[in-house]
Amino acid sequence: MREACTVKKQALSQRWDIWLTIVLFLIAIPLEYKEPFSFIEDQTLSFRQLLRMEYGPAEHTKLNDDIFIVNTDEQFFKEYKSFPLRRTDIAQITSTLRKLGAKVVAVDLLMDFPSSYGEDEPTAEVFKEVGNVLVVSQGRFNRNNEFTGLNYPTPVLQEVTKSGYTNISSSSSLVTMLSRLNLFPQIIHEKDGWPFAVQALAMFKGVEPSFDEKSRLLTIGDIKIQLDQFNSFYIDFPKLPHGARFLSEIRGLSAMEILQLDENEYEDYAALVKGKIVLVGDTSEVSHDWFDTPVGMVYGVEIIADTISTLMAQGPLMPASFTAEVISALLFMFVLVNVNLWLAHPGFRAILVASLFATFIGYTTWAYVHSGVIYSMSYVLLAGFLSYLVINLKEYLAERNQKAMIKDTFGHYLSPKVVEILVKDPSKLQLGGQQREMTAYFSDVAGFSSISEKLTPGELVQLLNEYLTEMCNIIADQEGTVDKFEGDAIIAFWGAPLDQPDHAIRACHASIDMQNLMVNMRKQLQEAGRPLLNVRMGINTGPMVVGNMGSKQRMDYTIMGDAVNLAARLEGANKFYSTYTMISEFTHNHVKDAIECRELDTVRVVGKKEPITIYEVLQRKGQMQSRDEDLMAAYHKALEIYKGRDFKAAMAAFEKALQIVENDGPSLTYLDRCKLYMESPPADDWDGVFNFTSKG
């Protein structure tokens, strides 16, 4: 258990992508609070607000009934035949609305310059007479967003009215999207230093607003609004009836109707505005008083109406607490990290990561729509997206390095076809030590020491390179793996790194092809006056350990085990029979239906107690020449006689075999052995096993 934990710790310490993911989320958490990049977050607010308008609580998705709008639209100015609206007419509209019973008339028309027509005094007289009139001001800020003063209405108007500023600023510097009302604490202490909507509601309630800077609590009578870290609150835009584009279409009148209102119609119109806050504003295109919001383009006077309605509902949209934001971000990170730590399949991993994103988006949207809790989405999603890119980049680099490693490791001693298979599907490659049934191959050039003495170093290297190249080409053709070279010796194997059910047959085919090639090579060497090469080969099939073995500085993909050692013994045992390719009974069991073999003997090799039957590989099945077939028939008949301990008759039978092929090595070996046994017969319990006293 302790070792497993150590391995996991080591693996995690090497996952720079996971550590970078953690860093990204640790950066995202304070960014959620500071909101330096509001553009993307505003887009997430947009779709959430639209869903809230459609599916949110009914009490929060409609405009408060105590708010009404009187607007000057395009049609108004066509009839009015002048622009802008004269201040005396603003006074008349205000007076009429107050007579109709409007509790507060809030005029969202800027009047900070004296009238060119001398209208300020008569307008002020009307405002003073009717009372409870609110006019608009604007805050002045420098480039550093520092407050420098307020642009009040003209002094004569300011004397008889209250005012409030309408600086509703965007949280993004890239796009103007108005989603919050900002309260500027530095302005509060100025005369009428409150936002227009706050001042309108305070006049409606007949109270003075207050703000606790420490707790960020805005109080307007019995209404308490908790502001966020930026001293702002989110505007909860109401749902509009199907087919309506603007709020003023369903909760408003044209100012022309009020200007032309006859006293006989007062009663009908009074029902619309009595006891309400009536906002007077411009919704004509020429005024350009409209802004982008989470629910689309909205006129300024309508944003004020929506803001007042939100205040009346005591600010139902509230940012999630910092603790909740941290927990949600860390939980997202925890799941993302663990999915990528424990799930290797990229397809399944992508599905789970997509599900994680969908779950986070779904939960934060549900919380906004139904509970009015606003979680920051963009920062976590951006951190998650970048983390996923980083993790996949790491996977890509690891895969690229793995493919390069495969090519570097196996490219020199595997066929290009096998290397390509491993590169496309590295899962077929298991570099860790594992035991599996395989076939090992050993070869050695007979008498190479004496050959090397006859050649210069340059000639020796050239000859060896020519020989090894040809041999390795054949091994590669049979999709074998060259383990190593030891001078002129070749060690190879079949059955790894790819699974090869026919590994024994492939090894035998390779040995047949190599011996056939050596026939032609010897002819060429003889013609060139160069030393001739005869190659002995030993092949054995059995359980072996295969994998990357060595030191940290250098490792080789190699094989080891008793079955490997037996293959080496068989290569040397060829000397006793003057043969060139010998296989064990274990290999023979796999290839007997595909390879023509000759039984050689049952022996005990040096270092082994159990006897094994050994065979000579001759040719692919059905490809032996007739002379060889005659030899095999005579040889096997003689061998059976030998096993029956009739050594004299066996000698005669082996001599008949030698009449077919006079230098047949196994027949000569048995001829000598029969003579030996005739002189010194084996014991009565002789089991036919011949004991090797040397490795060959």
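Visitor: Which residues are linked in a network of salt bridges?

Guide: A salt bridge here is a side-chain nitrogen of Lys or Arg within 4 Å of a carboxyl oxygen of Asp or Glu. In this structure, Lys162, Lys191, Asp192 and Glu208 are linked in such a network. The model is predicted, so local features need pLDDT of at least 70 and side-chain atom pairs pLDDT 80 or more, while totals for chains, interfaces and linings use all residues. Residues are numbered from 1 along each chain as its sequence is written, and side-chain values use heavy atoms, without hydrogens and water.

Visitor: How many salt bridges does a search of the whole structure find?

Guide: The search of the whole structure finds 26 salt bridges. One of the pairs is Arg180 with Asp228, with 3.1 Å from N to O.

Visitor: Where in the chain do Arg180 and Asp228 lie?

Guide: Helices (H or I, at least four residues) and strands (E, at least two) are DSSP runs, numbered from the N terminus. Arg180 belongs to strand β6 (residues 180–182), and Asp228 to the loop between β9 (223–226) and β10 (232–234).

Visitor: Is Arg180 buried or exposed?

Guide: Buried means under 20% relative accessible area, exposed over 50%, and partly exposed in between (1.4 Å probe, protein chains only). Arg180 has a relative accessible area of 5%, so it is buried. Asp228 is buried as well, at 6% relative accessibility.

Visitor: Which residue forms a salt bridge with Glu616?

Guide: Arg598 does, and the closest N and O atoms are 3.0 Å apart. This pair links distant parts of the chain, 18 residues apart: Glu616 is in strand β24 (residues 612–620) and Arg598 in strand β23 (residues 595–604). Both Glu616 and Arg598 are buried. A further salt bridge joins the side chains of Asp17 and Arg15 at 2.7 Å, N to O, and both of these residues are buried too.

Visitor: In what sense do strands β3 and β4 pair?

Guide: Two strands pair if DSSP finds at least two bridges between them. Strand β3 (residues 133–141) and strand β4 (residues 147–151) have four bridges and run in the antiparallel sense. Gln138 has Asn151 in β4 as its bridge partner. The two strands form a hairpin with five residues between them, and Asn145 in the turn has a positive phi of about 60°.

Visitor: What kind of peptide bond joins Phe83 and Pro84?

Guide: That bond is cis, with omega about 0°. Pro84 is in the loop between α4 (74–80) and α5 (87–99). Ala496 and Pro497 are likewise joined by a cis peptide bond with omega about 0°, and Pro497 lies in the loop between β19 (489–494) and α20 (503–527).
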